[in-house]
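The sequence and structure are shown first.

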Amino acid sequence: MNSSVHSKAGASLLGHNSSRSSAAFLRETEVVPGGSMRQASWFGPPPYAASGSGCWIVDVDQRKILDCANNFFSLIHGHAFAPVVEALGEMLRRGTAFGLPTEVEIELAETLAARGPALEQTRFCNSGSEAVMHAIKGARGLTDRHRIAKFEGCYHGSYDYIEVSLESSPDNWDDADGNPASVGYTRGVAPAVLTDTVILPYDNAELCEAILRREGPTLAAVILDPHASRAGMMPMSDDVIQVVQRACHRDGIMLICDEVICFRLSPRGAHPIFNIEPDFVTLAKTIGGGLPVGAVSGPRDRMSVFDHTGGKPRVAMGGTFSANPMSMVAGLETLRHYDGDQIERLNRLGERLRKLVSDGLAAGGVAGSITGMGSLFRLHLTDRKITGYRSSYPNPAEAAALKAIHGAMLADGILLTPNCSGALSTPMTEAEIDLLADRLVAHTIACPVQPA
Ligand SMILES: Cc1ncc(COP(=O)(O)O)c(C=O)c1O
């Protein structure tokens with residue numbers, strides 16, 4: 001039964017069902033639920049990647065695709081970046097995992113420490129989700145409390161507490177008292193997970209203050225991403241940040257700054273830009289140079305919670321492949337080539353993109369905007385002022401138009417994430433930015449939001 005359903009879908013979304021990508025998709029649906037390993041990369045039968053070089057992917061049907069998703073914001077230097085390839089080749093010949101520490105893990109931790117006091121010490125793991133989970137456990141260990149607070153709609157990985165209210169919608173996002181409700185993301189969420197996760201509004205300092213005054217003494221941690229993609233890719237306001245910062249100081253709550261995506265914004269990451277003094281910083285994506293990685297960083301007195309010397313640590317943080325030398329050398333080479341000038345150049349390209357798209361949408365008379373800082377961007381199809389999760393939450397007509405634009409861009413050889421956000425990479429030049437802006441404006445105009 002699957003085959004006929006999927007061959008129809010494959011035919012419509014890939015253009016024809018005789019392509020190698022269509023065949024791969026049909027094959028995958030037999031052995032993988034949903035025919036895709038990642039929900040986030042699901043946007044209908046996709047092209048299958050064969051190789052990548054710089055900012056271009058070649059799919060199995062030999063189509064060239066400009067990669068503006070960069071494996072969900074992780075590939076800062078695009079694909080097959082020569083220094084990373086060389087370092088990996090060399091490490092591969094020496095061995096990939098030892099069950100003993102390596103000097104390269106020290107070098108990567110030192111590289112991070114050199115970027116600021118909030119990154120003084122680091123423990124590595126294999127993904128951003130793991131990093132967030134460990135930072136929360138660390139906060140619990142330091143405070144002997146277990147509840148946490150997170151911001152509505154914000155994504156911090158696939159960990160049950162952190163998925164609460166990830167996708168709350170207008171029909172369930174307020175509780176009876178007008179506070180953001182704790183809404184389970186999927187079925188089967190333990191009730192305790194909901195009561196132990198307090199939800200904060202991304203763009204309402206007053207309400208944040210009231211919630212934190214009430215709940216603060218019971219909280220181990222507040223986690224925030226100050227430039228959250230799912231909250232519109234809008235910077236969190238200084239007011240909200242200060243409310244959180246004050247509550248953390250007042251009530252002894254650990255402040256976790258999740259920089260899994262936004263670390264790329266400056267050489268020292270995002271927290272100095274937003275005047276945040278975090279107890280823990282969670283990192284992943286770019287710091288692994290294209291290989292799986294995660295990290296919890298923080299000042300020595302916070303990170304000591306993971307110190308296992310002398311017996312059982314206060315909080316355990318381990319993993320078979322944690323700090324594996326392949327991820328370490330890839331991350332090292334990536335960061336060596338991502339500092340000062342490179343970051344400034346990439347951020348300038350981001351500004352160019354946002355200006356070109358804004359001007360183009362205005363000239364085309366389209367209700368829409370492009371948000372983002374540095375090398376990050378996200379398209380919105382509304383004239384609502386985007387300030388956070390609720391204002392960026394697309395209504396069904398906007399969601400349908402975004403899906404159409406994503407599909408049209410892909411058919412035109414440009415890959416965005418499914419919600420039409422993306423990230424630039426250092427191999428890009430003004431030529432690719434201009435192409436991206438031109439196609440994004442053209443397809444946005446061609447795929448209007450249909451009145452309900
Ligand atoms: C802000 C943020 N935190 C955590 C994560 C989870 O990282 P990973 O996918 O490596 O588990 C993500 C993933 O996109 C993220 O955007």
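How many residues does helix α11 have, and what distance does it reach from its first C-alpha to its last?

## Basis of the report

The model is predicted: local features need pLDDT of at least 70, side-chain atom pairs count only at pLDDT 80 or more, and totals for chains, interfaces and linings use all residues. Residues are numbered from 1 along each chain as its sequence is written, and side-chain values use heavy atoms, with hydrogens and water left out.

## Helix α11

Helix α11, residues 325-336, has 12 residues and reaches 16 Å from its first C-alpha to its last. This is close to the expected 16 Å, the expected span being 1.5 Å times one less than the number of residues. Helices (H or I, at least four residues) and strands (E, at least two) are DSSP runs, numbered from the N terminus.

Of the 12 residues in α11, 11 are buried. Buried means under 20% relative accessible area, exposed over 50%, and partly exposed in between (1.4 Å probe, protein chains only). Among the buried residues are Pro 325, Met 328, Leu 332 and Glu 333. The buried residues of α11 pack against α4 (82-94), α5 (103-113) and β4 (121-125), where contact means heavy atoms within 4.5 Å.

The whole structure holds 24 salt bridges. A salt bridge is a side-chain nitrogen of Lys or Arg within 4 Å of a carboxyl oxygen of Asp or Glu. One of them joins Arg 230 to Glu 167, with the closest N and O atoms 3.6 Å apart. This pair links distant parts of the chain, 63 residues apart: Arg 230 lies in the loop between β7 (219-224) and α9 (238-251), and Glu 167 in the loop between β5 (147-151) and α7 (191-195). Arg 230 is partly exposed at a relative accessible area of 23%, and Glu 167 is partly exposed at 46%.

Glu 209 and Arg 246 also form a salt bridge, at 3.8 Å from N to O. Glu 209 is in helix α8 (residues 205-215) and Arg 246 in helix α9, 37 residues apart. Arg 246 is partly exposed, with 48% relative accessibility. A further salt bridge, at 3.6 Å from N to O, brings together the side chains of Arg 352 and Glu 430. Here helix α12 (residues 340-363) supplies Arg 352 and helix α15 (residues 430-446) supplies Glu 430, 78 residues apart. Arg 352 is partly exposed at 30%, as is Glu 430 at 44%.

## A salt-bridge network

Which residues are linked in a network of salt bridges? They are Arg 147, Asp 196, Arg 214 and Glu 215.
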